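Me: I am new to this structure and would like to understand the terms applied to it. Please show it first.

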Amino acid sequence: MVSTAEAADTTLRKVTIRLLPFLGLLYFVNYLDRVNIGFAGPSGMKTELGLTETAFGFASGIFFVGYLLLEVPSNLALHRFGARRWIARIMATWGLVATAMAFVPDATVLYLLRFLLGVVEAGFFPGILLYLTYWYPQAQRARIVALFMTAVPMSTALGATVSSLIIRYGDGVFGLSGWRFMFLVEGLPAVALAVATWFYLTDRPEQAGWLASAEREWLIRELAAEQATLRRAGHWTVRRALTHPRVLGLAFVYGGIVYGLYALGFFLPTIIDGFQQQYGTHYSVVQRGLINAVPYLVGAVVMVWWGRHGDRTGERARHVALPALLGGLAIPVALYLGDPFAAMIAVTVCAVGVLAALPTFWALPGTFLSGAAAAGGIALINSVGNVSGFVAPYVTGGLKDVTGSQRAGLWVVGLCMIAAAAGVMTLRRRTGDAAVDRNADL
């Protein structure tokens, strides 16, 4: 007779091996196509298209306008039609738009394509988070989300080096500038993976022929019991999930964390390029890419460890607040230090704070939302929170144009992350009546 613990271990290991590497690959390509404009900017795009820092920030951030508008309906569509079909659709359309970025003739078309990229990609990330709730019980989700989200630092770390190499050695191929060739090469994999997604993903455990019948039945039974517990704790309709102060509060917290993520993602290559003037150093394109990778590689390791720690303790709110506070305090220090090595240590601490906060944060909505309410609530949190994805690069670029320095922009990053830390602890205190995890954190 196989024990419950053995059944859980065997089943979840099979699910993880089957799903996470593939989903991580999808997110790797997704995130790279979203932020590779950060590598293109200081590598000739701003000069060729005549972009100021403010215009570059606007082009980087307008992606999130379309993203915000369609995030909730896209996630509800995924819940209705299934992840396999909907994620494949998202990937095919985003791959085509990302590839078209190679041929932008001017700033206006750049703005249009970045907006369209947000429209067609809307629903991908919250859709994957929703999809994971179909396969993993609550107690494992912070660890699983952490493993999935390592695609963010890895796409930025490896993507920085790969993108830099493509820009350097692709200059002139097909008559394109290096940055244009990078968009072409990095957009096409999404189209190919859309086809793979259609045939590879399984929508629900009930359809998982790759699990033994006993494993499939255990997983279905475990998830059904968890959903029944959530329903007894209180019925959440889609409308309630889209208007409840707790969900809106989580959107505010997520916005503060994401502000730091995208300010770093879009402007770290530019900050590193600025070290050359500030500290009298010189870096090649490839060296800049390698330096850009360091904070994210360190962050990936800490992210997984911190997510495991959160699952082991069952505590959630402090596992979001502490790294957010650490990152918020570290980032303004970066450009006040006396040499590039010390500045990169501060930037790395900030990246660690941002990345460590994210997986445990995304374990929070599933502690009180399920079904269509989870689809709508997770999408709302992601879309409203990602307003920071528009604001962060635009404000950071605008402050650089006004002040001539990155310092003011990084002070704003720090304040937003500190506000996120304060916000999640405030939510924890005000929702003590809701037993949403083992310690009733939020």
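Reply: Contact here means heavy atoms within 4.5 Å. Beyond its neighbours within four places in sequence, Ala392 is in contact with Tyr259 and Ala263. This is a predicted model, in which local features need pLDDT of at least 70, side-chain atom pairs count only at pLDDT 80 or more, and totals for chains, interfaces and linings use all residues. Residues are numbered from 1 along each chain as its sequence is written, and side-chain values use heavy atoms, with hydrogens and water left out.

Me: Why is Ala392 called buried?

Reply: Buried means under 20% relative accessible area, exposed over 50%, and partly exposed in between (1.4 Å probe, protein chains only). Ala392 has 0% relative accessibility, so Ala392 counts as buried.

Me: Why is Val387 called partly exposed?

Reply: The relative accessible area of Val387 is 34%, and therefore Val387 is partly exposed. Both Val387 and Ala392 are found in helix H19, and this helix covers residues 387–403. Helices (H or I, at least four residues) are DSSP runs, numbered from the N terminus.

Me: Which class does Cys350 belong to, buried or exposed?

Reply: Cys350 has a relative accessible area of 0%, so Cys350 is buried. Cys416, with a relative accessible area of 23%, is therefore partly exposed.

Me: How many disulfides does the structure hold?

Reply: A disulfide is a pair of cysteine sulfur atoms within 2.5 Å. The structure holds zero disulfides.

Me: How far apart are Ala392 and Gly57 in sequence and in space?

Reply: Ala392 and Gly57 are 335 residues apart in sequence and 8.0 Å apart in space, C-alpha to C-alpha.

Note on methods: Helices (H or I, at least four residues) and strands (E, at least two) are DSSP runs, numbered from the N terminus.
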